[in-house]
Amino acid sequence: MSAPTRTLTAHANGNHRITEPAPVRWVLTTVALVFLALFLALPLAAVFSQAFEKGFGTYLLALKEPDTLAAVKLTLITAAVAVPLNLVFGVMASWAIAKFSFPGKNLLITLIDLPFSVSPIISGLIYVLIFGRQGWLGPFLEAHDIKILFAVPGILLATIFVTFPFIARELIPLMESQGRDEEEAAMVLGASGLQTFFRITLPNIKWGIIYGVILCNARAMGEFGAVSVVSGHIRGITNTVPLQVEILYNEYNYTAAFAVASLLAFLALITLAVKSVAEWNVRENMEP
Amino acid sequence: MKLFTKHHNVLPGFGPTMGYTLLYLSLVVLIPLSALVFKTAGLSWNEFLEAVAAPRVLASYKVTFGAALAAAGINAVFGVLVAWVLVRYPFPGRRLVDALVDLPFALPTAVAGITLATVYSPNGWVGKILEPRGIKVAFTPLGIIVAMTFIGLPFVVRTVQPVIEELDAEIEEAAACLGANRWQTFRRVLFPLLTPSVLTGFALAFARGVGEYGSIIFIAGNMPMVSEITPLLILTKLEQYDYQGATAIATVMLVASFIMLLVINLLQKWSRRYAE
Amino acid sequence: MSIEIESINKQFGSFTALGDVSLSIPSGELVALLGPSGSGKTTLLRIIAGLESPDSGRILFNGEDTTESHVRERKVGFVFQHYALFKHMTVFDNVVFGLTVRPKETRPSKGEIRDKVTELLRLVQLEGMAKRYPAQLSGGQRQRIALARALAVEPQVLLLDEPFGALDAQVRTELRRWLRRLHDEIHVTSVFVTHDQEEALEVADRIVVMNKGRIEQAGTPDQVYEHPANPFVLNFLGNVNLFHGRIQSAGEGQPEADNSVSYVRSHDVEIDRSQHDSSSLKAEVKHIQKLGPSVRITLSINDSESFVEAELTRDVFQNLDLQQGEQVYVRPRQVRVFAEDYQI
């Protein structure tokens, strides 16, 4: 299942001489923009409007709350673990898949994409089935007093699962489109495998990596469903930022909930900005 | 190290990278997912049926799949429109709008959830307008459709957009030379070329909607039999330590997403059938 | 350095890319591997380079078996069809790449490297381009940078894969003359792949004609052109007419057999108003096509369904003053007869 990330939007050829009459164009553009405003711009504006409803002071106060700070810390740790692991995997997998031919390649790509087509709740559930009290490893973990579920390791595992495909699926098509010529040229000129990778391949996929990392990071920091299943919602200990938003919201503490949510909305806007720049650069690096 | 077959290649590192890929894939994805399969296999047929066909569960399928279908339908229409406008009609701020289309992808679902719930609640910006006219969105199945429309939108736009970009101007010119008007050109020439990508986008949005949790639970109201989605029901069962029930329903969902994955793959293959 | 290729076999799945290919390339020669696409010429080149490994057979450089040695150790220069320049590096960095990846002990000093680049850029006539990126160069310039990069490591063998394939006609002609002069200057054993017979005939010291994974003929341009070993070589190196069955030829002593096929190059077809001898055939002028310096005439042989193409120079054509529909006599000046109908 391919998600929208792979599509790198081009910049349209505005010189179509055959087009619709101006009124039709005008009406269609308006309808499209109203739809987008209603479904995208309005909710985005609402986050910030709600967050700052009671002034900047209240906003800051909500963010300084110890439980919130603990949630921010946990979210940063989660991303700091999940993103590098999936980055290493993404680079390894795309090297093996894009630069070599072997049978079963398409099956492998489908398997890598699998976490995308699994509901986040199921992504969390599988870890409960393994590490929970009635799970495979439950009795063993209990006997040795190792806590994975309803603790930080569980959150890390669930996050790694849901963000697993992001970087690999970005790099595979990019590296496939670049072919092997440049690497072969480097080898003929006497470069070693590592020299070839670091001096030739890496610069060519740099923007693809940035693109994949930024999306992987956004999901790692924002994942809700899967983390919600394995976290146990222990305030100050196993709450990530999205879970903290949920708790505050369910306590009718709307201003605080939206203040914390605004952090994630900022993250989303930064993600979109970096993504746009990266897309532009990835296109440059794609061989026609 | 030759893992699969002799590779005609001087580039090094196939063995280690492929080995690592398979190891990591197994540890992170395959083994955990197989836990679900084994757990289900441990259930008797009757236990399984009881869990997956209880009235409350059946109602949740109806809500989930029905809303996902409706939302994917809305996105198929408006997503194509948005893609068309973004590619063909230059307007100020187009690049900004283009970037904004990915917002549902970048915005954490919990944030989307509480925001949509607030905007569409009776006191919210949109709810305030709809409520007096008798349209209740928040805390009804309609709310679920709204949330699923939000998260599914980029799937349709980003699947259709590149196809519109790659449409060759010459085919439209050819249609015009042959005497077709704009509408005829769109209906008879362009739309058939776009159909596979629209269907693919529709299927992607549908699949995403069916599995979605975070953005829905805040706006749905979560009333059993009325506005309770299946992922939430799985979580509820889990919280009640009904592991068997949760696993059985999750298996149904997993099978459904595999079927959709298959359909999407076939659609994507089909959409490339004219490719040279 | 001389190259010996000994009974190389290479299979891709069920496709035989090379079937028992043997060839020896003397030191200092410029050799063309000529053949249609799928003939195995690029595969052979990549096997010489060490970019592919053969299923069986050996490659010897100066009598030394290199079959098992890695591409890094072979000291070959390879110019890729699409140049494979490193897009993110300047021309300077591209050219010096092969020197800078050497271990510290054998790496030249910065000053030596700079002198080397200056010298190489002069050689490929691109002085002053060192700071440019590949994207800022024309196709012909990129090709020459790719060559400079390959030469920087002082290879014992230079291998070029369709070196002019991606260039337009005029640049192609210029570059291939330049390549010939360059080779005369540096004299490194060179092998290039091409499907263009004209290119091979003009540039190479020796041509190896390949087809379907086998070598059809190897020899000097004159040998392969004047004495083609079989109909494939004859046909690949110029337009040819086929005459099935027996024909009386102007040349004596040709083998005659009922299933023999005679081949006549179109510029070896003579057109006359009168019957010259028994080898003349009566024919009708069907079509006249002027192609710059030459004129191509299509004729249909009377009492048969076969057509013949003749290529005349403009002078001859103007002297004859041929008209469409006219009855004339055609006579093959030089006929090659091969016993069986060879598949072309």
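**Salt bridges, interfaces and domains**

Guide: In this predicted model, Glu202(C) and Arg177(C) form a salt bridge whose closest N and O atoms are 2.9 Å apart.

Visitor: How many residues apart in sequence are the parts that Glu202(C) and Arg177(C) tie together?

Guide: Glu202(C) belongs to helix 6 of chain C, whereas Arg177(C) belongs to helix 5 of chain C. The pair therefore ties together parts whose separation in sequence is 25 residues.

Visitor: Which part of chain C holds Asp196(C), the partner of Arg172(C)?

Guide: Asp196(C) and Arg172(C) form a salt bridge, with the closest N and O atoms 3.5 Å apart. The pair links distant parts of the chain, 24 residues apart, and Arg172(C) sits in helix 5 (residues 169-186) of chain C. Asp196(C) is found in the loop between strand 8 (189-194) and helix 6 (197-203) of chain C.

Visitor: Are Asp196(C) and Arg172(C) buried or exposed?

Guide: A residue counts as buried under 20% relative accessible area. Asp196(C) falls in that class, and Arg172(C) does too: the class is buried.

Visitor: Turning to chain A, which class, buried or partly exposed, applies to Glu184(A) and which to Arg180(A)?

Guide: The side chains of Glu184(A) and Arg180(A) meet in a salt bridge, at 3.7 Å from N to O. The relative accessible area is 2% for Glu184(A) and 23% for Arg180(A). Since the limit for buried residues is 20%, Glu184(A) is buried, whereas Arg180(A) is partly exposed.

Visitor: How many salt bridges does the structure hold over all chains?

Guide: The pairs described so far include Glu184(A) with Arg180(A) and Asp196(C) with Arg172(C). Over all chains, the number of salt bridges is 36.

Visitor: Which side chains meet in a salt bridge across the interface of chain A and chain B?

Guide: The contact involves 103 residues of chain A and 105 residues of chain B. Across this interface the count is 1 salt bridge. With N and O 2.2 Å apart, the side chains that meet are those of Asp102(B) and Lys275(A).

Visitor: Which helix gives the most to the side of chain A that touches chain B?

Guide: There are 7 residue pairs in polar contact between chain A and chain B, both residues being at pLDDT 80 or more. The element of chain A that gives the most to the side touching chain B contributes 20 residues, and it is helix 1 (residues 22-51).

Visitor: What share of the area buried between chain A and chain B do carbon and sulfur atoms give?

Guide: By class, the side of chain A that touches chain B comprises 68 nonpolar, 24 polar and 11 charged residues. Of the buried area of about 9,300 Å², the share given by carbon and sulfur atoms is 78%.

Visitor: How many salt bridges does the interface of domain 1 of chain A and domain 2 of chain A have?

Guide: Chain A is assigned domain 1 (20-51) and domain 2 (55-285), with C-alpha centres 30 Å apart. Their contact takes 5 residues from domain 1 of chain A and 9 residues from domain 2 of chain A. The area buried between these domains is about 620 Å². The number of salt bridges across this interface is 0.

Visitor: With which residues is Gly193(A) in contact, its neighbours within four places in sequence aside?

Guide: Gly193(A) lies in helix 10 (residues 193-222) of chain A and is partly exposed, at 21% relative accessible area. Apart from those neighbours, the residues in contact with Gly193(A) are Pro12(B) and Arg72(C).

Methods:
Residues are numbered from 1 along each chain as its sequence is written. Chains are lettered from A and ligands numbered from 1 in the order in which they are written. This is a predicted model: local features need pLDDT of at least 70, side-chain atom pairs count only at pLDDT 80 or more; totals for chains, interfaces and linings use all residues. Side-chain values use heavy atoms; hydrogens and water are left out. Contact means heavy atoms within 4.5 Å. Buried area is the accessible area (1.4 Å probe) that two parts lose on being put together, summed over both. A salt bridge is a side-chain nitrogen of Lys or Arg within 4 Å of a carboxyl oxygen of Asp or Glu. A polar contact is a pair of N or O atoms within 3.5 Å; within protein, one must be able to donate a hydrogen and the other to accept it, and residues adjacent in sequence count only if both atoms are side-chain atoms. Helices (H or I, at least four residues) and strands (E, at least two) are DSSP runs, numbered from the N terminus. Ala, Val, Leu, Ile, Met, Phe, Trp, Tyr, Cys and Pro count as nonpolar, Asp, Glu, Lys and Arg as charged, and the others, Gly among them, as polar. Buried means under 20% relative accessible area, exposed over 50%, partly exposed in between (1.4 Å probe, protein chains only). Domain bounds come from an automatic or database domain assignment.
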